[in-house]
Number of protein chains: 2
Amino acid sequence: MSDLHIQTVSSYELGLKLDMNPAQIRKDLAYFGEFGRKGIGYDVSYLIEKIKQILKLDRFLKIGLVGAGHLGIAISNYNQYIKENFSIRAIFDTDPQKVGQKIGSAEVFHLDDLQREIEDKGIQMGIITVPAQEAQKVADRLIDAGIRAILNFAPVNLKVPPNVYLRNADLTTELQSLAYYL
Amino acid sequence: MSDLHIQTVSSYELGLKLDMNPAQIRKDLAYFGEFGRKGIGYDVSYLIEKIKQILKLDRFLKIGLVGAGHLGIAISNYNQYIKENFSIRAIFDTDPQKVGQKIGSAEVFHLDDLQREIEDKGIQMGIITVPAQEAQKVADRLIDAGIRAILNFAPVNLKVPPNVYLRNADLTTELQSLAYYL
């Protein structure tokens, strides 16, 4: 709404947009502080800034992606949509045909240069898009290089130490959730 | 565990595998009926069958995927992992170079043949992997062809009627959740 040059918004308007109860919106936001003013509503840019702080999105995170196959390329190209808070800074693969190429705005490096590039570029998060049988090895290398947050697209349960936060983007789970409602 | 020829499993063993409290597992399963026997545990194959019924995974669902770009190809190749309950039966694209090709085990058809193929093949679910600006049009065509469950990978909010179940597989959300813990 900030793009639409709207300066204030009421919980009623937010409720319509989000298909939520306005009272619930007021209650949820009040939990984090006094953001709104009675009879006026919320200042849009202030509210956006506060919500970013609450969700810890007031930072910029650098990503390294391992596996320049179809999925890796799709995500790297998608990079343009997510650049506000995230940026894929390096892509890793073992295929000599791919090393040295650019996908989206990031260069493809050899997997053997993972540690060096992660340190040089200050990369904080890893995305794994390699085949299932390679994924654990790749996760281990990312963790050895200091990565503490991994988004895994390989259909396999990875073992990571307790100080590493792992999230699995599992297509099967998505399909199963969807199928439940059919 | 059925693959490992284990016939019975206790809630304690399940708890170790799932990193959950055994009492919670017993309570959750008891909610759906009496599956286990005290001091013996659960019969593995019976438990699997029951859980599939609970999650409505005791069915086979046919999928149509629209958009044979990198993401569409990645998902179609991934198909082999998900074939137990789901199968991509047709892929749709407008690129004449792609129409007639096979990706994984499914053929690529022209988008104009969507309705015909969905009816012929009894396709029940749709996956959208087209660019954001094409996604709403594709969703409308899927819905017109009778599809009532859509998994959308395009980074855009689709409008669907209330009788259509839509799920968004949004990379940004995944990354944001992950970033929260960093």
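Predicted model: local features only at pLDDT ≥ 70, side-chain atom pairs only at ≥ 80, totals over all residues.

Author: Pro96(A) has 8 C-beta neighbours inside 10 Å, and a residue counts as exposed at 12 or fewer, so Pro96(A) is exposed. Its place in chain A is the loop between strand S5 (86-93) and strand S6 (102-103). From there you can look across to Phe109(A): the two are 13 residues apart in sequence, and their C-alpha atoms are 9.3 Å apart in space.

Asp19(A) is in the loop between helix H1 (11-18) and helix H2 (22-30) of chain A. With 6 other C-beta atoms within 10 Å, Asp19(A) is exposed. Now hop to chain B, where Asp19(B) is in the loop between helix H1 (11-18) and helix H2 (22-30). Asp19(B) has a positive phi near 60° too, again in a residue that isn't glycine, and with 6 C-beta neighbours inside 10 Å it counts as exposed.

From the loops, on to the strands. On one pairing, S9(A) is joined by four bridges to strand S8 (residues 125-128) of chain A, and the two run parallel. Look for Gly126(A), which stands opposite Ile150(A). To get from S8(A) to S9(A), the chain passes through helix H6 (residues 132-144) of chain A, and this β-α-β crossover is right-handed. S9(A) also pairs with strand S10 (residues 165-168) of chain A, again parallel and again over four bridges. Here Leu151(A) stands opposite Arg167(A).

For the whole sheet, switch to chain B. Seven strands make an open sheet there, ordered S6-S7-S5-S4-S8-S9-S10, with mixed pairing. The edges belong to S6 (102-103) and S10 of chain B; each has a single partner strand, so one side of each has no neighbour in the sheet. S9(B) and S10(B) pair in the parallel sense over four bridges, and Leu166(B) in S10(B) is the bridge partner of Ile150(B).

Chain B has a second open sheet, this one of three strands in the order S1-S3-S2, with antiparallel pairing. Strand S1 (8-9) and strand S2 (36-37) are its edges, each with a single partner strand, so one side of each is left without a neighbour in the sheet. Two bridges join S2(B) to strand S3 (residues 41-43) of chain B, which run antiparallel; in one of these pairings, Gly36(B) has Tyr42(B) as its bridge partner.

Now bring the two chains together. Leu178(B) makes a handy entry point, sitting in helix H7 of chain B. With 22 C-beta neighbours inside 10 Å, Leu178(B) counts as buried. Across in the other chain, Leu178(B) touches Met125(A), Ala149(A), Leu151(A), Tyr165(A) and Arg167(A).

Zooming out, 35 residues of chain B are in contact with 35 residues of chain A. Helix H4 (70-82), strand S9 (149-152), strand S10 (165-168) and helix H7 (171-180) of chain B each supply at least two residues to that side of chain B. By type, the residues there divide into 24 nonpolar, seven polar and four charged.

How do the copies relate? Chain B superposes on chain A by a rotation of 180° with 0.1 Å of shift along its axis, at an RMSD of 0.1 Å. That is the relation of a two-fold axis. In chain B, the C-alpha nearest the axis belongs to His70(B), 2.3 Å from it. Finally, 100% of the interface residues of chain B are also interface residues in chain A, so the copies meet through the same surface.

Definitions and conventions: Residues numbered from 1 in each chain as written. Chains lettered and ligands numbered in written order. Contact = placed C-beta atoms within 7 Å. Nonpolar A, V, L, I, M, F, W, Y, C, P; charged D, E, K, R; others polar. Pairing = 2+ DSSP bridges. Right-handed = clockwise from strand over helix to strand, strands pointing away. Least-squares fit on C-alpha atoms with pLDDT ≥ 70 in both. Buried ≥ 20, exposed ≤ 12 C-beta atoms within 10 Å, placed from the backbone. Lists of a residue's contacts leave out its neighbours within four places in sequence.
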